[in-house]
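This report looks at aromatic rings and their surroundings. The structure comes before the details.

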Amino acid sequence: MNIYRTANSEKGLDRKEIKTALIESLDGRRLKNVLILPPDFTCYHSNAGFITNFYYHYLTDLGCNVDLLPTLGTHVPMTREQVAGMYGDIPYEKFIPHDWRNDVVKIGEVPADYMKEISEGTWTEAVEVEINKIVLDPKYDLIISPGQVVPHEVVGMSNHAKNLFVGAGGSSMINSSHMVGAVYGMEKMMGKADTPVRRIYDYGLEHFLNDKPILFVLTVTTAPRGEILTHGLFIGEGRECFEKAVELAQKKNMDFVETGIKKCVVYLDPEEFQSTWLGNKAIYRTRMAIADGGELIILAPGVDKFGEDEQVDKLIRKYGYKGTPHTMEALANEDLRENLSAAAHLIHGSSEGRFSITYCVKEITKEEIEGVGFIGADYDAAIEKYDPKKLTYGYNTVDGEEIYYIPNPALGLWINKEKFYD
């Protein structure tokens, strides 16, 4: 059964409308044990926090045992403060940390010949399909996978099967699929529902998890002033709910500018972005809008590291964001070759020399930033000119110069209409 709700106004669906749909999604189900796979704090604006909280209490009140495995992927586990801020009064102890290196099992592989076909010859190796072993536990009568559909640099549009095979997946799948996207070309995929990487995840779902009772609960949201607006809710067990969500996300989360942006200023909320691994969304999501020879200024007061774990952090420091040729050459080194998702990330985070990238930081040194290939600047000095409290979303004039300001890069994709249609 598919349940679709779209808002009648720009205010979005209210909580009563959302609750009604969530209750309807459980009609006729006899449940004893339920597993919820919510996103982590980096997806705060997905409204999955409210959805997860409601499901947890509603099901618990019915006598169900409810377990929660946040789909961290390669991210660090959430703190108590983050759990409380996103998921409310669900006990912290109910959240099971996902270890992408040690908690997974192989359930199959995507064949090499299929990989060659879908990647147009850019990838010719089989891809192992891994999943957290908890997902395979036969005791669960229902697995609920909530989260936001939004343009994404690795897969095209986020969520659905990606939440399983990356969020709750293992190093082999994460590494390979990220590298497939990097060599195929992120700008050919972002904002699209059907991409080579999406087909990898779809293959895994169709062939290896087709016997699992997985319910996708997908949102399309914006947060223009920090307040989460849920424009659509798409619930279902197949792919149709994802396709419907993509249609709305392409309208709500893709912003076209008339011509290339010469200077773009992006703010990274310190509660959401503490690493360049996450903060580089400022690069991924704006690169299709920035003019050749343009400038990207990233205001990053909370960034205090590069990778989300120590090993990846070391790789970023060692090899840097220095373009595709440099990264591909560096794959001759075993440490990078064994961490292909890091290699893909290095490619994603480079402008390939097409525009400059300045990171304005407080918690990490200018020298460290410049060591990985960016321009370093002091955050406090930068906001004397580009004050987030004074800037508004879109075009602003600062000291007689036109800039384009984005308060949260995670919520959209910006594209140069002139170049896109050409």
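Buried means under 20% relative accessible area, exposed means over 50%, and partly exposed lies in between (1.4 Å probe, protein chains only). The model is predicted: local features need pLDDT of at least 70, side-chain atom pairs count only at pLDDT 80 or more, and totals for chains, interfaces and linings use all residues. Numbering starts from 1 along each chain as its sequence is written, and side-chain values use heavy atoms, without hydrogens and water.

Rings of Phe, Tyr and Trp (its six-membered ring) pair if their centres lie within 6.5 Å; planes under 30 degrees apart are stacked, over 60 edge-to-face, and the rest tilted. Searching the whole structure gives ten aromatic pairs. Two of these are tabulated.

| Pair | Geometry | Centre to centre | Angle between planes |
|---|---|---|---|
| Tyrosine 4 and phenylalanine 234 | tilted | 5.8 Å | 50° |
| Tyrosine 395 and tyrosine 404 | edge-to-face | 4.8 Å | 85° |

Strands are DSSP runs of E, at least two residues, numbered from the N terminus. Tyrosine 4 sits in strand β1 (residues 3–6) and phenylalanine 234 in strand β10 (residues 229–236), so their pair ties together parts 230 residues apart in sequence. Tyrosine 4 is partly exposed, at 26% relative accessibility. Phenylalanine 234 is buried, at 4%.

Tyrosine 395 is partly exposed, with a relative accessible area of 41%.

Tyr114, Tyr203 and Phe208 make up one aromatic cluster.

A charge sits over a ring if NZ of Lys or CZ of Arg is within 6 Å of the ring centre and within 35 degrees of the ring normal. Lysine 188 lies over the face of tyrosine 184, 4.0 Å from the ring centre.

Technical notes. Helix = DSSP H or I, 4+ residues; strand = E, 2+ residues; numbered from the N terminus.
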